There are 2 protein chains.
Amino acid sequence: MDKSIEFYTKLLGLEVLSKQEIPQNNAEIVLLRDPEGKGATLELTFYRSQKNFIQPDYENRLFDHLAFEVKFMERTIAEMQREGVTVTDEPFKLNPTSSLIAFVEDPDGTLIELIEKK
Amino acid sequence: MDKSIEFYTKLLGLEVLSKQEIPQNNAEIVLLRDPEGKGATLELTFYRSQKNFIQPDYENRLFDHLAFEVKFMERTIAEMQREGVTVTDEPFKLNPTSSLIAFVEDPDGTLIELIEKK
């Protein structure tokens with residue numbers, strides 16, 4: 001994690017927004033972003049007890065997924081299901097106070113996370 | 001490509017910024033972005049004559065890479081090389097009028113594109 005933070009901050013100019021423990025996954029996540037607030041937020045995940053992101057069929061992906069914020073999770077998921085989109089993880093919260101998240105697949109099978117901020 | 005554009009525009013609310021032919025790769029790329037101009041630009045690539053992004057050691061990645069804009073390519077690449085970063089593609093242009101691009105690896109081997117806009 002330290003080496004990655006150094007790469008993205010010193011060499012690419014991002015700055016660390018926050019660090020967070022994800023006890024469910026025995027993992028630490030670090031969010032980084034361009035200081036000008038442009039572009040996406042980059043999430044680095046350090047899994048202490050596994051080498052990769054664990055999700056069926058996605059074991060060997062170094063890149064886990066892209067994430068998009070949605071305003072209304074329930075409505076978005078319902079619309080996606082009507083359109084035949086594969087929902088791999090129905091909406092859930094990592095803990096009672098966190099944002100609602102879900103995972104779906106894009107038409108090529110790329111894993112997409114949806115986030116409804118609390 | 002049509003199916004993917006529909007997914008990212010109708011279901012996730014992005015809008016198409018531009019479409020471009022990349023004759024070198026017999027490919028079409030489509031750039032999409034949030035209408036509010038927030039977040040990253042998403043690049044979808046349709047390869048007519050291959051299934052995946054072709055780059056040694058990256059054949060089976062559905063997610064190709066992340067891209068970052070840099071102000072001074074030469075300086076950035078020199079600094080990265082001093083730091084031991086693997087440069088997989090030295091700076092080049094797809095055509096004489098296009099931006100300067102290069103590819104490097106982050107500490108985990110994730111492919112990172114650098115772009116110095118013309």
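In this predicted model, strand E4 and strand E7 (residues 111-116) of chain B run parallel and are joined by 4 bridges, strands (E, at least two residues) and helices (H or I, at least four) being DSSP runs numbered from the N terminus, and two strands counting as paired if DSSP finds at least two bridges between them. Within E7(B), B:Leu114 is the bridge partner of B:Phe68.

The pair belongs to an open sheet of 4 strands in chain B, ordered E4-E7-E6-E5 with mixed pairing. Because strand E4 (66-69) and strand E5 (87-93) of chain B stand at the edges with a single partner strand each, one side of each is left without a neighbour in the sheet. Neighbouring strands of this sheet are turned by 20 degrees against each other on average, direction ignored.

Across E5, strand E6 (100-105) and E7 of chain B lies helix H2 (residues 73-82) of chain B, running at about 170 degrees to E5(B); axes are lines fitted to C-alpha atoms, for helices over the stretch in contact, and angles run from 0 to 180 degrees between N-to-C directions.

Where the chains meet, 19 residues from chain A and 19 residues from chain B take part in the contact, which requires C-beta atoms, placed from the backbone, within 7 Å. On the side of chain A that touches chain B, H1(A) gives the most, with 4 residues.

Residues are numbered from 1 along each chain as its sequence is written, and chains are lettered from A and ligands numbered from 1 in the order in which they are written.

Technical notes:
This is a predicted model: local features need pLDDT of at least 70, side-chain atom pairs count only at pLDDT 80 or more; totals for chains, interfaces and linings use all residues. Two residues are in contact if their C-beta atoms, placed from the backbone, lie within 7 Å.
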